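Here is a short briefing on how parts of a protein model meet. Look at the structure first, then read the points.

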Amino acid sequence: MLLLLASPPAWAQDDAISTPLTASPGDATRGRALVADRQRGLCLLCHPGPFPEERFQGNLAPDLAGAGSRWNEGQLRLRLVDSKRLNPDSIMPSYYRTEGLNRVGPAFRGRTVLSAQEIEDVLAYLLTLREEAPR
Amino acid sequence: MKRALPILLLAPLCLSASAQERRSGFENMARDTQAMQTDDTANPGMLWVLEGQSLWHQPAGPAAQSCASCHQNTEVSMRGVAARYPAWDEASAAPIDLAGRIAQCRETRQGAPPLARESQGLLSLSAYVGNQSRGLPIAPPADPRMDAAREQGRALYTARRGQLDLSCAQCHDDNAGRRLAGSTIPQAHPTGYPLYRLEWQTLGSLQRRLRGCMTGVRAEPFAYGASEYVAIEAFLASRAQGMALETPAVRP
């Protein structure tokens, strides 16, 4: 939690959140469903990924295939919690942040996009994505 | 070395709409949707144009005047009008968009009951008046009194908003032409409004479209008719200056 609250002096100095957000470990099956869910995870709006059953995947962002071999757990956790700490101009939503937002709709005010447990679930799923997308 | 990275990450963003060739959302559409727009007998928006034409000739208000009583020869009197809105409104000393002007004229000059935003009547009259400018280039007024609104519109366009924390520019300038799920992101040119949207299964205004883009990022939209929308409309018009009007367009 401290890590989340401390404002990092420079983007490069902490490029990971190594402590899990919850005591209970993430569940990769739930995580996969969240990633594919267009109302909850929203990931496939922007990212393509290894979801042969899902039509209409976005192409605004890197393929999720291989994410688990490109990044370690802590790095992926930071990307989900608040990717803007790595790249302030990122279009990727900060999934676990409620501060510093503008005109949030009443139904979403004060709520994070995903809960702590959901972040850990998505993370557990991303770590299973070891294989790069075919080129 | 590490300092240089953020600049590298910014590089793709520089290929913004200003550097791209301007394209109407029409260009992104499937052939059959394009054909639906260009063939008046297939374009559902033409039903609203016809409805607007009949309203235009309908007497209303205490003096039983129709729009046509004061604005004779619509093809001449309304030609090019839609292309220069939003414009400055002397009465309210503020910018006004075409739907706002039509509603104002109906209420204050015709003395007829007001027409609400997105009502069938106001959409139909807007489609009819807009249709008189089809094919004409968007020509925002040079009026310097409009400058503050255009600047406000630009600021609203580039500000991040909502739980998803995205600005209009991040989608419509930085990522135009790419796919957000199944939709190709257009450059957000206001060339076709009011238009028939297949997803709505009805005709809707530009403000309805803007509202949809705001709720899409989980932001609180403005109220219909709000000065913020008129400011965004004025900015989008200046950005699309010279592009041809398509009213009533069709969009997915």
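The points below cover a chain interface and a pair of helices.

This is a predicted model: local features need pLDDT of at least 70, side-chain atom pairs count only at pLDDT 80 or more, and totals for chains, interfaces and linings use all residues. Residues are numbered from 1 along each chain as its sequence is written, chains are lettered from A in the order in which they are written, and side-chain values use heavy atoms, without hydrogens and water.

**Interface of chains A and B**

- The contact (heavy atoms within 4.5 Å) involves 33 residues from chain A and 27 residues from chain B.
- Together the chains bury about 2500 Å², with 55% of it on carbon and sulfur atoms. Buried area is the accessible area (1.4 Å probe) that two parts lose on being put together, summed over both.
- In chain B, the most area is lost by Gln163(B), Arg218(B) and Glu220(B), together 27% of what that side buries.

**Salt bridges**

- Three salt bridges are counted between chain B and chain A. Each needs a side-chain nitrogen of Lys or Arg within 4 Å of a carboxyl oxygen of Asp or Glu.
- One salt bridge joins the side chains of Arg109(A) and Glu220(B), at 2.8 Å, N to O.

**Two helices in chain B**

- Helix H10 (residues 206–216) of chain B packs against helix H11 (residues 227–239) of chain B at about 105°, with axes 10 Å apart. Helices are DSSP runs (H or I, at least four residues), numbered from the N terminus. Axes are lines fitted to C-alpha atoms over the stretch in contact, and angles run from 0 to 180 degrees between N-to-C directions.
- H10(B) and H11(B) are therefore roughly perpendicular (65 to 115 degrees).

How values were computed. Parallel < 35°, antiparallel > 145°, perpendicular 65-115°, else oblique.
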